[in-house]
Amino acid sequence: MPKTILIVDDSVTMVMSVKLALEGAGFTVHTAADGLQALGQLKGGIKPDLIITDINMPNMGGMELIKQVRGLPGFRFIPILTLTTESQAEKRDEAKKLGATGWLVKPVGGAELLKIIKQVLPGA
Amino acid sequence: MSTESVGGEADRAAWAAGGRQGDQVALLVDDHLRLDESIGEQLRAVSHDTEASAVALIEGVGALSAAATALLGLLGSSELSAGAMGAGADRGSASIVEIGNFVEELPDLLKTSVGGVHDAAVKEIGGLDVFVKVIVEITEQTKVLAINASIMASTVGRAGQAFKVIAAEVRSLSERSAKAATMIAAGLEAARAAMAEQLRRTHVDAQISKARRLVERVREAQAAYEDIRQYYKAHFEAVTEHNTKLAREISEILGQVQQQDVVRQRLERVLVGMSQRNEVLRDLPRALRDPSADLSVLATQMHAVLEGYVAGEKRHAAVPADNLAAPSKALPRIELF
């Protein structure tokens with residue numbers, strides 16, 4: 001059964017390009033335009049194997065999303081990767097403290113992204 | 001912060017001609033703000049246009065990716081079909097070779113069999129010669145018996161007349177036996193000759209040669225089939241390799257498209273910085289007209305805008321896409337916790 005990934009980003013190009021790359025590799029992909037929308041999907045029953053989220057987004061940013069997701073029952077150990085233009089250690093440390101699994105700075109090539117996903121999703 | 005609006009063209013002309021310093025600065029700031037508004041519109045248009053281009057590019061790449069995936073699927077399906085057909089062809093080819101080998105051996109088998117039958121028949125016919133000899137011997141003895149009986153009949157006179165008739169009958173039997181023996185011997189010889197002639201007419205050697213040519217053609221056909229299969233296999237592998245490479249390149253293109261988002265965010269930060277700066281500038285003409293106004297407040301506000309913008313840009317420092325781990329103080333682009 002294919003693994004499911006939730007992409008959270010307010011950029012149309014980011015969502016489209018990452019979705020296409022991941023679907024091409026055989027993953028099932030869900031998308032959300034911000035943290036609030038993503039949280040709604042998770043509470044609505046979507047159970048992804050991995051979440052890839054941007055940090056700076058309207059309505060609810062990536063940091064708050066990570067915090068909220070870790071508080072949801074059944075989502076404590078689901079890997080969460082951040083994919084952002086932020087490159088400051090403080091932000092990275094904050095994400096790590098909140099429970100992020102990894103920190104990726106845009107742009108990340110398709111092959112590179114798949115390599116990381118295989119590391120955090122063994123068997124993918 | 002408040003905003004200072006500038007009046008119509010008449011007011012502008014009057015202020016420019018000899019207005020107060022505050023009025024002239026108001027004109028200057030107004031033009032500056034209008035220029036910034038125009039620049040801002042262009043920057044937003046750039047962001048929108050590059051996004052539209054990136055979306056179109058992704059859609060095109062998506063269609064290309066779908067086509068490549070479909071082609072790979074088709075090739076995979078063809079490989080399975082070709083494998084099944086190849087297995088069938090191999091079985092057929094093996095059968096043909098088996099038949100060819102059988103055909104090749106058949107004339108020799110026939111030759112051996114026919115020769116065996118001939119030899120056996122000749123041997124049997126030769127065996128019948130003994131019976132002919134026996135008949136000839138019996139004939140000779142019967143002949144001698146007839147002569148003796150005839151002599152005996154003549155010595156006994158009249159009483160021997162009946163015995164003489166028997167002797168004549170015995171002689172006649174002897175002659176008929178001799179004729180029969182001759183006929184049997186001639187018949188056996190004729191049978192031997194007929195068998196030898198029939199064996200000679202079977203043209204076994206010619207058939208062997210024909211069968212060998214047939215087997216050779218079968219083997220040539222098999223070799224041609226093997227060549228075609230190897231040729232097809234080589235092309236199939238090349239196409240598969242190209243498609244795999246294409247899929248990889250498509251994936252990398254999609255990664256590069258992310259640069260549009262990086263540029264968009266950079267433009268947004270520029271627009272936010274310009275907006276914040278203009279908010280401060282809008283208060284400048286009024287402050288210049290007011291002798292009691294403290295210009296240092298505006299200077300502080302402007303400095304805060306500058307620091308905010310610079311700090312924001314530092315937080316989003318550009319990292320070369322080909323550096324997995326950027327040197328010195330910069331964070332690695334990819335880090336798993």
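**View 1. Helix α1(A) and what gets buried along it.** In this predicted model, the buried residues of α1(A) are A:T13, A:M14, A:V15, A:M16, A:S17, A:V18, A:K19, A:L20, A:A21, A:L22 and A:G24. That makes eleven of 13 residues, so to speak a helix that is mostly covered.

**View 2. One open sheet, two chains.** Six strands line up here in the order β2(A)-β1(A)-β3(A)-β4(A)-β5(A)-β1(B), and the pairing is mixed. Which strands are at the edges? They are β2 (28-32) of chain A and β1 of chain B, each of which pairs on one side only. Going from one strand to the next, the twist averages 15°.

**View 3. The parallel pair β3(A) and β4(A), with a helix across.** Zoom in on β3 (residues 50-53) and β4 (residues 80-84) of chain A, and you'll find them pairing in the parallel sense over three bridges. For a handy landmark, pick A:I51, whose bridge partner in β4(A) is A:I80. Helix α3 (residues 62-71) of chain A lies across β1 (4-8), β3 and β4 of that chain.

View 4. Strand β5 of chain A, residues 102-105, pairs with β1(B) over three bridges, in the antiparallel sense. To find the spot, select A:L104 and B:I334: the leucine of chain A stands opposite the isoleucine in β1(B).

**View 5. The side of chain B that touches chain A.** Contacts between the chains involve 35 residues of chain B and 32 residues of chain A. On the chain B side, α2 (21-155), α4 (204-282) and β1 (334-336) each supply at least two residues. Which of the elements gives the largest share? That's α4(B), with 15 residues. By residue type, this side of chain B splits into 16 nonpolar, eleven polar and eight charged residues.

How values were computed
Residues numbered from 1 in each chain as written. Chains lettered and ligands numbered in written order. Predicted model: local features only at pLDDT ≥ 70, side-chain atom pairs only at ≥ 80, totals over all residues. Contact = placed C-beta atoms within 7 Å. Helix = DSSP H or I, 4+ residues; strand = E, 2+ residues; numbered from the N terminus. Nonpolar A, V, L, I, M, F, W, Y, C, P; charged D, E, K, R; others polar. Pairing = 2+ DSSP bridges. Buried ≥ 20, exposed ≤ 12 C-beta atoms within 10 Å, placed from the backbone. Axes fitted to C-alpha atoms, helices over the stretch in contact; angles between N-to-C directions.
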